[in-house]
Amino acid sequence: MRAITFLFWAVVTVGTVIVITMPISLQVHLITAVLFLGVMTIIKTLRLGGVWRLLLLALGTAIVLRYAYWRTTSTLPPIEQWADFIPGLLLYLGEMYCILMLALSLFVISNPIPSRPARSLKPGDAAPSVDVFVPTYNEDYELLAGTLAAAKALDYPEDKLTVWLLDDGGTEQKRNDTDPAKAEEALERYNALRGLCADLGVNYLTRARNEHAKAGNLNNGLSHSTGDLVAVFDADHAPARDFLQETVPYFGDDDKLFLVQTPHFFLNPDPLERNLRTFERMPSENEMFYSILQRGLDSWNASFFCGSAALLRREALDIANGFSGRSITEDCETALDLHSKKWNSIYLDRPLIAGLQPATFASFIGQRTRWAQGMTQIMLFNFPLFKRGLSIAQRLCYMSSMMFWLFPFTRIIFLIAPFFYLFFNLQIFTASGGEFVAYTMTYLVVNLVMQNSLYGRWRWPWISELYEYIQSVHLLPAILSVIRNPTKPTFKVTAKDESIDESRLSELARPFYFIFLLLLIGVAFTGYRLWTEPYRAEITLVVGGWNLFNLILAGCALGVVSERREVRASRRVPIERRCEVRSVDGSWVRGTILNVSSGGLAIQVADGKTRLAKDQATAVRFQTLSPVPDNELGIFVRNISSAGKSSMVGCRFMAEKPSDYRLIADLLYANSKLWRERQQSRQVNVGIILGTLQFLSIALYQTMRGLGYLARFSRPGRSEKQQEARS
């Protein structure tokens, strides 16, 4: 199949070069582009795969390259007109970057590996020993208790499984800090987590100094453990019971396999999903990467370690001298190093862990800053294109993954480009209105069709542009700082288990309102130019339309930085588990647990059998999926409401002993099937037209909401309570 793919693309390449350089009239190009789009639309609508899918990509590629050829040969301003040429060249380079990234991504996903079927260890199979690492720095006790309890409940031979809490928050360096308050806090954490680990049967490990951040912490774990395989889970990534059953068998198939990576599934929304209220119906941002791009990388033996939810071979890590720590993204750097040493990786497209995303916009940007800076560091330290030991395909795959993080440059260029004409009358793009329609519009529509055909189930139209815009404003200076000084960035831990108990503007909101104002002024300038220069209406309408699109995007971003109140960091997960609740008279009442979160659960009981009291402590018991000695869990009844012929009882957990955390983990994390069902329920392709209409509707509402938040909370970071106190 791979040989056929290469042959196909070789033929397409030769044919494409002929097509894109052929001198034809504007009308012929437009008719050809429309015909190509028609064929692509038919293939997309009928959901044809195989060769038809490759044909769709080939037709789209021809239009894109024809546009690139026209852009290069016919639209750049004369070099002697430097005021036009310099911004024109920047815009051109931004567009060429987008075309290059499109080409790399098409290569990566040209033949993605289908999702692998479920596997499990067979009776009698030799089970390799496994060390489970849970690195931590400043995470809460309750969060760690849930993750450790889930790790301890993994379905694996007990004598072959060792769970380690690698605590970088209780190091000797921190316990002996010159600040007495910080030293006391570290000591309290050290004692509390040692006690938790002892109660759960988990090994506690810390070290003398906080050196090399997470990579150093993991390497310290390697030096104190001996397991054949090493599983890594972030502190807020709790595994399902079948994680090792699903991943371990692959290591028996290939002695050169160093990694089985699984996707990161999240129980809570990121700031965009929460503030725009799209979490329950729209695919999460990371699903495109994990559901299609990682499968494409896997087809070229280039799927890489993502820092958590992964199983690695110790032998390979020993050869590489442990986890790489030169950059602040130790995961991808480690994979790049091992791939260059001819080790193999596998991506398993099954959500087998459940984690938490950053809840605030500031934490979200902090996380993405680390990713962007780390990937930039790797490009500077180990440029993949020239990395010895990698295959050509692996070089291209790593280039695609790393160069993606340069998007802030192009996004900012596209944002400010219309200003050069509207405000300063610079001609940075020399083309008529007819040429714009024939070339640029067909190029944009082809891009939409290809993206929706390839990623439609995992990314709605225009959502990528929104995510890139809200990150670019703050990532651009961060990337520039790495380019100036590659060793400057330091590892910063992403805040976990946050909550926003009051509506407010994000402390990072100010630039977005300033940009929105500039774009609004651009709209006014468009009207002014149309009035005073009607003979230039054609180009003014084109540039004004571009500026208007940027305004719609920026308006939607105002809703993202307008933080909604949400006390609960982790959303309720629907389940159905039979249970019994202890009533006020001490008897047990049968019910059904309908949903659960890390903080509580909802129980349905029949009317007339409630016999429960609000604001009272009681207990619930249920059949566990993993062996737990005591299946009685303390709860506190917060509310009771009628629901037809039954009552809904809302409760919060009262975890007091280790078995309580094991019971909570059993309810929330044990069954990975729930996560797959939830994920699949959102993976629906809404199409280009409906998706565009939905985005416009969201953008209009969020613009109004964002301006309303600005009026209510005039200073970014000020909450409702602070505003009320001020007034």
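# Salt bridges and helix contacts

At 18% relative accessibility, Asp234 counts as buried, since the label buried covers residues under 20% relative accessible area, exposed those over 50%, and partly exposed those in between (1.4 Å probe, protein chains only). The model is predicted, so local features need pLDDT of at least 70 and side-chain atom pairs count only at pLDDT 80 or more, while totals for chains, interfaces and linings use all residues. Residues are numbered from 1 along each chain as its sequence is written, and side-chain values use heavy atoms, with hydrogens and water left out.

The side chain of Asp234 forms a salt bridge with that of Lys214, at 2.8 Å from N to O. This pair links distant parts of the chain, 20 residues apart: Asp234 sits in the loop between β4 (229-232) and β5 (237-239), and Lys214 in helix α8 (residues 213-223). Lys214 has 13% relative accessibility and therefore also counts as buried. A salt bridge here is a side-chain nitrogen of Lys or Arg within 4 Å of a carboxyl oxygen of Asp or Glu. Helices and strands are DSSP runs numbered from the N terminus (H or I, at least four residues, for helices; E, at least two, for strands).

In total, the structure holds 26 salt bridges. Another of them joins the side chains of Arg682 and Glu287, with an N to O distance of 3.0 Å. Arg682 belongs to helix α23 (residues 673-682) and Glu287 to helix α12 (residues 287-299), so this bridge ties together parts 395 residues apart in sequence. Arg682 has a relative accessible area of 3% and is buried; Glu287 is buried as well, at 2%.

A further salt bridge connects the side chains of Glu632 and Arg582, at 3.1 Å from N to O. Glu632 lies in strand β17 (residues 632-643) and Arg582 in strand β13 (residues 573-582), so the parts tied together are 50 residues apart in sequence. Glu632 is partly exposed, with a relative accessible area of 26%, and Arg582 counts as partly exposed at 29% relative accessibility. Elsewhere, salt bridges link Arg274, Arg504, Glu507 and Glu563 in a network.

The next topic is helix packing. Two packed helices are described by the angle between their axes and the distance between the axes. The axes of helix α19 (residues 463-484) and helix α21 (residues 537-560) come within 10 Å and cross at roughly 70 degrees. Axes are lines fitted to C-alpha atoms, for helices over the stretch in contact, and angles run from 0 to 180 degrees between N-to-C directions. α19 and α21 are therefore roughly perpendicular to each other (angles under 35 degrees count as roughly parallel, over 145 as roughly antiparallel, 65 to 115 as roughly perpendicular, and the rest as oblique). On the α19 side, Glu465, Leu466, Tyr469 and Ile470 make the contact, and on the α21 side Leu553, Ala554, Cys556, Ala557 and Val560, where contact means heavy atoms within 4.5 Å. By class, these residues divide into eight nonpolar, no polar and one charged (Ala, Val, Leu, Ile, Met, Phe, Trp, Tyr, Cys and Pro count as nonpolar, Asp, Glu, Lys and Arg as charged, and the others, Gly among them, as polar).

Helix α14 (residues 330-340) and helix α16 (residues 392-403) have axes that come within 12 Å and cross at roughly 170 degrees. These two helices, α14 and α16, are therefore roughly antiparallel to each other. Cys332, Ala335, Leu336 and His339 of α14 meet Gln394, Tyr398 and Met402 of α16, a contact with five nonpolar, two polar and no charged residues.
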